Every structure is written in structure tokens, then in C-alpha cells.
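Reader: I would like to learn how to read a structure feature by feature. Please give me the general idea each time, then the case at hand.

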Amino acid sequence: MLAQGRRALTRGRDVVVGLVETHGRARTAELIDGLETLPRRTLTYRGATFTELDVDAVIARKPKIALIDELAHTNVPGSRNAKRWQDIEEILDAGIDVISTVNIQHLESLNDVVEQIAGVPQRETVPDEVVRRADQVELVDMSPEALRRRLAHGNVYPPEKIDAALSNYFREGNLTALRELALLWVAGKVDEQLERYRADHGIAGTWEARERVVVALTGGPEGDTLVRRAARIAARTQGADLLAVHVTAPDGLAGADPAHLARQRTLVESMGGTYHQVVGDDIPRALLDFARGVNATQLVLGASRRGRFAQVLSPGVGVTTTARSGSIDVHMITHEEVSKGLRRASRSRAVLTRRRRLAGWALAVAGLPALTAALVPLRGTLALPGEILLFLLTVVVVALVGGRSPAVVAAVGAFGLLNWYFTPPLNTLTVAEPENLLALFVFVLVAATVSTVVDLAARRTREAARAGAEAEVLSTLAGHVLRGEAALPSLLARLRETFTLTSVTLLERVGPAGPDHRSAPQSWRIVATSGGPPCASPDDSDTDVQVDDRLVLAVRGHLLDASDRRVLEAFAAEAAVALRQERLRQEAEAARPLAEADRMRTALLAAVSHDLRTPLASAKAAVDSLRNTTIEWTPQDRAELLATAEESLARLDRLVANLLDMSRLQAGVLGLTLHPVALEDVMPRAIDDLGPLGERVQDDIPGDLPEIMADPALLERILVNLMSNAVRYSPPEHRVLVTGSHYGDRVEIRVIDRGPGIPPDAHDQVFLPFQRLGDRAGHTGVGLGLALSRGLAEAMNGTLTPDETPGGGLTMIISMPVGEHR
């Protein structure tokens, strides 16, 4: 940033330094020389003085370029904006260009990833969108070896911090992973810029800057094969993207199997790909539009399942897509479903109800003779076109009532009646005039067409109603899962209610698959059931769905048609997921006590090996020295050895007491004696218990605080643990402050230090028994103080919560109820 600012200054640009943190680095300070530096704004917060960026000073100066360091910085409370990037946005709005800096670990989207890599959470983050809006992002890349050399040469940290930095955060593996994250993030921004450029310049062709493989899914069983093949194609190129797409018809009535699509979507995502769904009438065009939109380089399609005759009549999706693909490579993948042919989505033959079809046949059989009988006396007064229109009206009514079959029969019958009774010569099938013959044929064609349209409309109406019902059921299922009600009994009960079934049973095969295992009850175990008597085997049900090689969903009550099976398969897939989640939860619950016991045994061993052994060794060494008669100890040396022995034994006594109290807390047998206690009586004893460490504690408890309801000895233990922790982690020049306040019926005691603090997401972690923040392999000590303190506070109806100390540090807050005098 500073080098860029100096280059801009040499070109005659007006450049100022808004804020730069040198962190004591000489080379950084050298780069600031010669650049105009604006004064910072001074803020006072809770007795401490801080400096921040002066936004008003930068805007008033109106430079062309402002150099402002640490984009992700959090401002001191009381500042105009909470974050520095918000300050920078104000400066940008004023027409001033800003050059800033940000580390990859401070990007919001990568915060958790960086914590997994380096083991250190980052409390200061900046939204990715803020950085993406920058006109230019420059990656300052350096190999891990070069950066470690800079550290070793003292260019980053002072000498006393170099070894710790190299062996912790700046390990070669950490730096390599962070470097890869930075490169990938910047590559993503480059992709965005490329897409924007292509869109702005109307470039529709594919630029093969990066391999992107798109696999087309039809919702058929062959999709699994296509996804795996596409994944292997993508794996051949480092960094290639895998995308799956399914084209849905605009009316939503496509015959795709939702269970297959759900499974294939999970498969794609498990391989690091993404799933997409688009709508289109022309499938090849929709596929290619999507592929070109994502700048895909390869498109994977399944070989056609249509027969040879159908392929002669129409080239099919694969051939059409290949012909239109242009620069996109198209892979036609064969699969085992090719030989099985195209299985059309089953349609119910009975589109209309049985009553309507019977009414249509009755109207055709009785209505046409009745109309003929009514028109015969009028043959002299009514012309043939009028008679044809009346018969056509009757056929249309038959089509509306009974559908296509009775309407076609009625049209043929009407043709014969018109020919016999109303077309000259009468009472014969001969037609004298050619135009009359044409009129009769047009009549039959119109009648058949109208009946077909009416039948198709009825079919589409029923399919749309069924699709709407399926969508409503699946939406209910999705909401059921999202609300956390995916437990197996609840899920099966919802399925039983949806289809009005007698019973729904999830069966699991317990042995190997034999020739008659589907009908053998001993081969199956009932995992969950809802409703009446459960099915003992798949063959014992009316309808069953194979979930996987061991699970079968069996339903009893009535047969389900093919369209209902699709919804049933979706329920079955969700039931399998719920079963797996339930079993994983049970395994985790079963393993938790074992893990807890193992962790406690490990911690106790660590305590014996270090926390117990160290004070014992110190006390033993002091006593052995005093008993040594060969050395003449001065009174001062003797007093020092006695003090060492006393301090070590006191430390050992506190540790053993903590272990015993923790065991009593966990067993629920800790004895309490609660009565009103004055804090000014407890604090002096707690500070005295700290020994020499008590000199670094400042007691600022107000004298007018009411008494609290507590056990004095346990309250003293809590204060000793918290104050000793605070002193241990506070800088030597800062004293630990203990203060109190009264709010309502609670009294709060605050132990405030200026140490490194605890990240907010680790507040609960430090209260776990045998846990210390930042534990690493080889770290010793039991870390019972905070866990015991919280347990003791809660046992006395109080709470212990951590909070950040403004300006840096940790504040532990003990909240206790006000004492009641009796």
C-alpha cells in the first residue's frame, strides 16, 4: 500500500496517509517518510486513551488518494462507525480514492476455514462484498519460505516473539493453506470481472479460461452414472467446476422422478458440485443457454433411450444439442438404461370419472336418435347445414360430458344418421352432391377434433390437479423437515395421513438377501411404524418402496398408482435420512460418556504429572534443603525456603480442593450454607489467599452494596480462582480491578483484566472442565478454575459470564441474588 502510494506521489497525484499501523517495524516507518500524514482522532473510553482514523480530517483535506491501513479494524466504542471499512465508505462517497489493506483471514466467508487451519479465531472481519466492490484487488503473494525468512530476520516481529510466531501461527503448512485460500478468492473475483466484461460486451461464446463441466439430468435412474462420469471428467483438470442441471417443462408436468433427482442432487453436492434447475420448452436450447451462461467448456449427456424408429422421426436431445453446441464439447455417455427403452410416465386411463363416462355414452346412444326423431318432420323446412350444426352441437355436448371415446362414436353415428335421413337421396348411404359429402367429412373431423381437445383438457386438468397435490405434499414434507419434525414416527404418521393408509412401516433387512427374503418375516426388522398392524415383510404390504439395499418402506391400506409412488419415494428417502440422523445421534450420545471419561482420565493424568507433581517437587526440594546439615543457611535463605515450601503446599492444597469440589459438583453432593454475606468481608480474605499475587489486585468494591445470598467460603473460592487467572494473564504493568454494582435484586461483581481476552465464540469453551483456551499438544495442567467457579456460582443461584474489556482484556461477571434478612 505504501509503495503504491509513493509511486502515485511521484506521478504528481495528491496522496496522504490517513492511518497506517507500523507496529514498530522500521522498514514500514521508512516508507511513510516523505508522505503527508494526517493527525488521528483521540478517543477516551473507560479511562483509557485510543487513537482512530479521523474521517472528517481526511474529507476536509480532500486528497486524490488516501492510504488507510487495516480495512477490517473494529473502531473504539464511541466512534461514528463501528468498523473502519464503514469509515472508508464515507471517504469514498466524498470522491476520494482509498488504498487499503486486508488479510485473507479477515474475510467473513473464510473466517471459520482459517480458524480450522490455524486454530486461531479472528474477531475482526470484513464482509466479502465490501472487498469485491473494490475497483482493483491486488494480491500480495509470497511463498511460505520467503515469509518465514522475513520473520526470522526480524522484519515482522521483535526478536523475543520470532520463535513463538514461527512455531505457531506461521507454520509452513498454515501459510501454504492461507496462500491457497487467497489465490482461490482472488481467482473468484477475476471470474466475476470476466463475466461482467462478457456481459457488457455481449460476448456469448465460451472462453475456456477455466474448465466447467455441466451434466444434464433427466430425473431417470441413469443420472447416477452420468454424475460420476462427469465428476471423473472434471477431476482430470485441477480446479475444474462440476455443475448439474435439470430442465423442467414450463407447466411443471414433466415426468422426472423426484426421488431420483433428490438422490442425484446429494451425489453431485457430495462430489463438490452444484445442482441447478431451469425451465424450458426446448430442452437442447435450455441446456446450451445454461452452459453458455456459466461459461461451461464441456457438457455431459446420457445416450438416448428412444427406439430407432423414434430417432428417425426426431433426432433427439443429444443429436440436437451436439449440433448446436458450438465450442462446447459434448460427451454422449452410454448407460445400462439404454437397452431398457424409454419408459413413459404412466397415465391413468380413466381421465374422467366413471359416472361422467357412463353419462356420455347414454347421451350418445339416446341423444342422437332423439335428435333425429325431432328433426325428421322438419326436413322440408331446415337446410342441411342447420341439421349438421345441431348434430355437431350434440357431439360437443357428449364430448364435454363423457370425453373422447363416446364423442368419437357419437360423431361416427351422427355421420351415418345425417347421411341416411337428411342427405339427398334420403334413406340411402349414397350422397348425390359432392359438397354434401365434404360437409359430412368436415363434420366428422370437427367432431373428432373437438372431442380430442375436450379430452386433452380434462386430462391436463387432472394432471395439473395431481401435480398441485404432489407439490403441496412435498412442500408440507419440506416444511416438516425444516421445522425439525423429521423424527421417524412423526414422518411416517404424516405419510399415513397424506394417503389415508392403514399402516406405514419402515423395514430393515437383518440378514443376507436370500431367494425368499422378501416374504420371510424373520429376515426383516421393524425400524419404525405408524398406524395399525405393521407389515412384517415387504410382501406383506400393498405397496413397498426400496429405499436402499437394506431399507424398505412398506404401506398397507390400498394400492397406490404410479404417480403416488413418486411422492412415496420422496417420503422414503427422507425417512432413510431421518433414520441415519437418529442413529448418528444415538451413537454420539453413547460415545459422549466414554469420551468424557477418557478426557477426564487424561486430564487427571496430566494433573498428577504436572499440577500435582510440580508443587510437591518444590516443597520437597525446600524441605530437603532445610534438612541438609552440611550447608549453613542464613536466616534469610531459611525464610525463603520456608516460604517456597509454604507456597507450594498452599498451591497443592488449592488444587486438591478444586478436584474434590468438582467431583462433588458432578455428583450433586456439594454442601451449601447460604446466608447474607457482605462483600467487604469476603474480599480481604480472598486477596490474602492469593499471597504475593494479591499485590496486583485493586479492590474497588463500593461500601454501600447490599449483602448477597451466598456461602462465604465458596464465594471466596470463586473470587480467588478468578483473580488468580486475571493476574496470571494480565501484563505486569496493569493491576486487576475488582468492582461491584447493584441492579434490581442482583449484585454484580466484576473482575477486570487487561490480558489477551477470549474470543466471543470461545466463551463457553473455557468453562469446560479440564479445558484451557489455546490448548495444544503437550500443554499441561487441569484448568479447573473457571469450570469450578461457574459450577459454584450456579449452585448458589448465581451466574458467571465473561465479557470483553473495552480496549482489550477480559471481564468476568459474577451475578448473585441480594441477601434476605430474616
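Author: What follows takes confidence, cores, annotated spans, salt bridges, backbone angles and one threonine in turn.

Reader: What should I know before I start?

Author: This is a predicted model, so local features need a pLDDT of at least 70, side-chain atom pairs count only at pLDDT 80 or more, and totals for chains, interfaces and linings use all residues. Residues are numbered from 1 along each chain as its sequence is written, and side-chain values use heavy atoms, with hydrogens and water left out.

Reader: What pLDDT does the chain average?

Author: pLDDT is the predictor's confidence in each residue, from 0 to 100. Here the chain averages 78, and 78% of the residues score at least 70. Residues 342-350 stay under 50. The model gives that stretch 13 contacts (heavy atoms within 4.5 Å) beyond four places in sequence. Residues 773-782 are also below 50, with 23 contacts beyond near neighbours in sequence.

Reader: How many residues does the largest nonpolar core have?

Author: In soluble globular proteins, nonpolar side chains tend to be buried together. A nonpolar core is a set of buried Ala, Val, Leu, Ile, Met, Phe, Trp, Tyr and Cys residues joined through side-chain atoms within 4.5 Å. Buried means under 20% relative accessible area, exposed over 50%, and partly exposed in between (1.4 Å probe, protein chains only). The largest core here has 39 residues. Leu719 and Met723 have the most contacts inside it.

Reader: Which element gives the most to this core?

Author: Helices (H or I, at least four residues) and strands (E, at least two) are DSSP runs, numbered from the N terminus. Helix 24 gives the most, with 9 residues. Elements that give two or more include helix 23 (679-689), helix 24 (712-729) and strand 19 (736-743). Beyond four places in sequence, methionine 723 is in contact with Met683, Ala686, Ile687, Leu690, Val697, Val738 and Val751. A second, separate core has 35 residues, among them Leu107, Leu166, Phe170 and Leu178.

Reader: Where does UniProt place the feature "transmembrane region"?

Author: UniProt positions are given in the numbering used here, feature names are shortened, and annotations may be inferred rather than shown by experiment. The unreviewed UniProt entry places this feature at residues 358-376, 388-417 and 437-458. In the model, residues 358-376 are 95% helix and 0% strand, with end C-alpha atoms 27 Å apart. Residues 388-417 are 97% helix and 0% strand, and their end C-alpha atoms lie 10 Å apart.

Reader: How many salt bridges does a search of the whole structure find?

Author: Side chains of opposite charge can pair when their charged atoms come close. A salt bridge is a side-chain nitrogen of Lys or Arg within 4 Å of a carboxyl oxygen of Asp or Glu. The search finds 17. In one of them, arginine 84 meets glutamate 52 at 3.2 Å, N to O. Arginine 84 is in helix 4 (residues 84-93) and glutamate 52 in strand 4 (residues 48-52), 32 residues apart. Both are buried.

Reader: What parts does the pair of glutamate 90 and arginine 80 tie together?

Author: Their closest N and O atoms are 3.5 Å apart. Glutamate 90 lies in helix 4 and arginine 80 in the loop between strand 5 (65-68) and helix 4, so the bridge ties parts 10 residues apart in sequence. Glutamate 90 is partly exposed at 25%, and arginine 80 is partly exposed at 45%.

Reader: Is glutamate 508 buried or exposed?

Author: Glutamate 508 is buried, at 12% relative accessibility. Its salt bridge with arginine 583 is 2.6 Å, N to O. Glutamate 508 sits in strand 12 (residues 503-509) and arginine 583 in helix 20 (residues 562-611), 75 residues apart. Arginine 583 is partly exposed at 28%. Elsewhere, shared partners join Asp14, Glu36 and Arg61 into one salt-bridge network.

Reader: What is the phi of lysine 62?

Author: Most residues other than glycine have a negative phi. Lysine 62 has a positive phi of about 55°. Lysine 62 lies in the loop between helix 3 (55-61) and strand 5, and is exposed at 65%. Asparagine 797 also has a positive phi, near 65°. Asparagine 797 is in the loop between helix 25 and strand 21 (799-804).

Reader: Which residues does threonine 529 touch?

Author: Threonine 529 is in strand 13 (residues 524-531). Beyond four places in sequence, threonine 529 touches Leu492, Val504, Thr505 and Pro534. A polar contact is a pair of N or O atoms within 3.5 Å; within protein, one must be able to donate a hydrogen and the other to accept it, and residues adjacent in sequence count only if both atoms are side-chain atoms. The side chains of threonine 529 and threonine 505 make one at 3.2 Å.
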